[in-house]
Structure formats: C-alpha cells, structure tokens
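Here's a set of exercises to work through with the model open in your viewer. Try each task before you peek at the solution.

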Amino acid sequence: MDLNASSSDFCNLSWFHERYTHLHGWISLFVCIFGSIANILNILVLTRREMRSPTNIILTGLAVADLLVMIDYIPYAFHLYLYRRSRRDTFTYGWTIFVLFHSHFAQVCHTISICLTLILAVWRYVAVARPQQNREWCSYRRTIFAISIAYVFCPVLCIPLYITTEVRKQIEVLDSNGMSVNMQNRSLIDYSNATNTTLYFVRMTETAANHNILTELNFWIYSVVIKLIPCVVLTIVSVKLLQVLLEAKRRRRKLTNIHEENFDRKKGCRRMDKERQTDRTTMMLLAVLLLFLLTELPQGILGLLSVLLGQGFFLTCYMMLGDVIDMLTLVNSAINFFLYCTMSRQFRKTFNELFCKSWKVPKNNGKQIFLENNGNVVVNHTVTQVTQV
C-alpha cells in the first residue's frame with residue numbers, strides 16, 4: 001500500500017490554503033500587535049513588588065517568551081503576506097536569511113513557552129496538593145533556576161532544526177517585472193525580456209535530503225517531545241488539579257458548618273477567604289493550561305501524522321495548514337492577558353493602580369467642606385458633584 005499516494009488523496013487542502021493565505025497576513029498582524037502590547041502589560045504588572053511570587057515569576061518568563069514570538073512574527077508577516085512585490089525582490093539572500101532566522105528563533109521561543117507552561121503546571125500542583133512543602137520545593141531560587149534551565153535547554157533541544165535547514169539558491173527565469181515565467185509555454189516567452197535570476201529559499205540541507213532519518217528525527221522531536229508529551233503531562237496535571245479543587249471545596253463546606261458553631265468566626269472567615277483566593281488562582285492557571293492544550297495538541301497530532309503517513313500527507317495537508325498552525329501559536333501567545341484580567345482579582349487591582357490611578361479625580365463626599373471666611377471656619381453641607389474621567 002502506497003501511504004504517500006493514499007494520504008495525498010485523503011487530505012488535499014490546497015483550496016483552503018489559497019483562500020486563507022490572503023487573510024492570514026492582516027489577522028496575524030493584528031494578533032501580534034495586540035499580543036505585544038498585552039505581554040508588555042503582563043510583564044509590567046507581574047513584576048510589581050506586591051505581585052511577586054514563584055507563580056508570577058513563571059508567568060513573567062512566559063510573557064517574555066510570548067513577546068519575543070510576537071515581535072519576531074511582525075516583520076515576517078509584512079515580508080511574506082502584506083508587502084506584495086516581485087519574486088526578484090522577495091526571495092533575496094538577505095530576506096531569506098531573515099526567514100531562516102525566523103524559523104529557528106520563533107520555534108525556540110515557543111518551545112521555551114511550552115516548557116514554562118509545564119513548570120507552571122507542576123508548581124501549581126505542588127502549591128495546591130502539597131502546601132506544607134510548597135515554600136521549600138517551589139522557592140524563589142528554585143523557580144528562577146527552573147526558568148533559566150528552560151531558556152538554556154530549549155535552544156539545545158531545537159538543534160535538529162538548525163542542522164536540517166539552510167539557505168539554498170535556485171535559478172529561475174523571470175520577466176522584466178521580476179515575476180516567474182511559465183516555462184510550459186516556451187513558444188510564448190519573450191526571451192529578450194526574460195533573464196535567469198538567482199533566487200534564495202529555505203530548504204532542507206543535502207544531508208537531510210539524502211538521509212531521511214534526520215528529517216524524521218526532526219519531526220519526532222517537534223511532534224512528540226515538544227508537542228504531544230507536554231500535552232499529555234498537562235492533561236494529567238490538570239485532572240489532578242481539578243480533583244484537588246473539588247476535594248478542597250468539599251472540605252470547605254464541612255469547615256463552614258463547624259465554624260458556624262464556633263465563636264472564633266473571624267479567623268475562620270479569613271482562612272476560607274484565603275482558600276477561595278487560592279482556588280481562583282488555580283482556576284485561572286487551569287484556563288491557561290486548557291488554552292495551551294487546545295492550540296498545541298492539533299499541531300502535535302499533525303506532526304506525528306506527517307511522520308507516520310509520509311511525504312504525501314506533509315505536502316498536501318500539513319504544509320497547507322501551516323498558516324493555521326502559526327495562528328494557533330500566535331493566539332496562544334497573545335490571549336493570556338484576557339485570562340489574567342477576567343480571572344485574577346489581584347491582577348486587576350494591580351493593573352488599575354498602575355495604569356488607571358492617574359485618570360481618576362479624588363472623590364469628595366461633599367458632606368463637610370470647610371471654608372475660611374474672614375478668619376472663621378464655616379461648615380458647608382452642599383453636596384459637590386464628583387467627576388471621573
């Protein structure tokens with residue numbers, strides 16, 4: 001059975017690729033601009049003194065990695081999707097070097113983001129399931145060390161990507177406008193205006209092309225190690241966190257009944273409020289993990305199918321969905337700000353104090369306004385109107 005042929009017949013998405021590619025540039029530009037601003041705001045808020053905690057340090061490292069992905073993709077979107085020009089001006093050596101750098105840099109930064117998401121899940125599980133050991137196991141020093149390991153280890157993990165791709169030149173016949181000439185109708189070609197032009201593309205290296213094991217190793221690392229294994233681990237940790245949350249909710253109900261019969265109600269209320277705040281933080285981080293699973297799992301499955309089904313599936317399905325895969329990555333890198341704002345009261349409070357405090361006019365209740373009249377202090381009970389920008 002020819003797997004390549006069957007996969008070609010089974011999954012031919014060239015029609016979808018042709019339609020979506022016209023929209024991808026503008027959509028990705030909007031997501032990247034918003035995501036860059038959002039991640040900068042995340043960094044500014046999470047690094048405030050009152051926000052410092054091991055969890056927020058990880059979220060800060062995550063925001064930095066996501067910000068780098070956003071910034072790197074903006075010129076890439078302009079180059080390939082928005083700034084339309086001739087092939088002679090598009091596939092120059094300089095721009096192709098940038099595309100090669102983009103493919104490596106974006107993959108490394110996103111891999112760092114994935115690794116930090118794993119660390120975040122484990123740290124949160126320890127905080128909820130093992131609160132007695134949390135300060136020792138997930139201290140500031142160990143958190144910073146884990147983040148540093150992620151930023152050092154992930155570039156090493158992506159080495160197969162570096163050694164399997166390179167810039168290769170290709171000679172094409174271009175017309176006077178720098179566009180490709182249709183060689184099938186040679187009788188219609190005006191050779192007086194056509195020229196042989198050297199263009200540059202990112203291609204597989206000759207070593208990788210001649211040894212399929214390097215290409216397959218690259219896909220195994222991408223689909224299994226970077227995508228599927230983290231998804232499996234996050235699924236297990238997320239299920240465990242949900243079990244702990246449900247158990248804590250049941251325990252809190254019992255404690256509520258006990259404290260109703262106890263005179264020391266203030267202490268019990270403070271304890272329950274702290275537990276509820278912990279639950280809200282855990283739910284927010286679970287939302288971050290769920291978003292990660294929704295965006296990363298399809299990419300891992302497609303990569304694994306490309307290894308199992310062969311070159312046919314890769315060319316007719318995986319490559320045709322390349323822009324969608326990029327968009328999933330960009331959305332995953334840009335949307336955390338919404339989750340923090342909607343699910344974290346402390347984040348909203350710090351954000352308001354940092355950015356919205358200067359917009360507000362101090363309130364005046366107007367009940368007692370002391371005026372000085374010829375040395376006498378008078379009380380004016382007129383209610384003043386409070387304006388707020």
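**Exercise 1: Annotated segments**

The UniProt record, an unreviewed entry, places the feature "transmembrane region" at residues 23-45, 57-78, 98-123, 144-163, 219-246, 284-307 and 313-339. Those positions use the numbering adopted here, with feature names shortened, and such annotations may be inferred rather than shown by experiment. Before you start: this is a predicted model, where local features need pLDDT of at least 70, side-chain atom pairs count only at pLDDT 80 or more, and totals for chains, interfaces and linings use all residues. Residues are numbered from 1 along each chain as its sequence is written, and side-chain values use heavy atoms, with hydrogens and water left out.

Task: find how much helix and strand there is over residues 23-45 and over residues 313-339.

Solution: 
- Step one: residues 23-45 are 100% helix and 0% strand, with end C-alpha atoms 33 Å apart.
- Step two: residues 313-339 come out at 85% helix and 0% strand, and here the end C-alpha atoms are 36 Å apart.
- Step three: zoom out, and the chain has 15 helices and four strands. These are DSSP runs numbered from the N terminus (helices H or I, at least four residues; strands E, at least two).

**Exercise 2: Helix α7**

Task: check the span of helix α7 against the expected one, then list its buried residues.

Solution: 
- Step one: α7 covers residues 140-157, which is 18 residues. The expected span is 1.5 Å times one less than the number of residues.
- Step two: α7 reaches 25 Å from its first C-alpha to its last, close to the 26 Å expected.
- Step three: the buried residues of α7 are T143, A146, I147, A150, C154 and L157. Buried means under 20% relative accessible area, exposed over 50%, partly exposed in between (1.4 Å probe, protein chains only).
- Step four: for the whole chain, buried residues make up 42% of the 389 residues.

**Exercise 3: Cysteines**

Solution: 

**Exercise 4: Around T295 and N332**

Task: which residues does T295 touch, leaving out those up to four places away in sequence? Then do N332.

Solution: 
- Step one: T295 sits in helix α11 (residues 265-309), and N332 in helix α13 (residues 322-334).
- Step two: T295 counts as buried because its relative accessibility is 4%. N332 is buried too, because its value is 7%.
- Step three: with those sequence neighbours left out, T295 touches L328 and N332; contact means heavy atoms within 4.5 Å. The C-alpha atoms of T295 and L328 are separated by 5.4 Å, though the two are 33 residues apart along the chain.
- Step four: the side chain of T295 reaches the backbone oxygen of L291 at 3.0 Å. A polar atom of that side chain also lies 3.1 Å from the backbone oxygen of F292.
- Step five: leaving aside neighbours within four places, N332 is in contact with D66, H110, L291, F292, T295 and E296. The side chains of N332 and E296 are joined by a polar contact of 3.5 Å. That term means a pair of N or O atoms within 3.5 Å; within protein, one must be able to donate a hydrogen and the other to accept it, and residues adjacent in sequence count only if both atoms are side-chain atoms.
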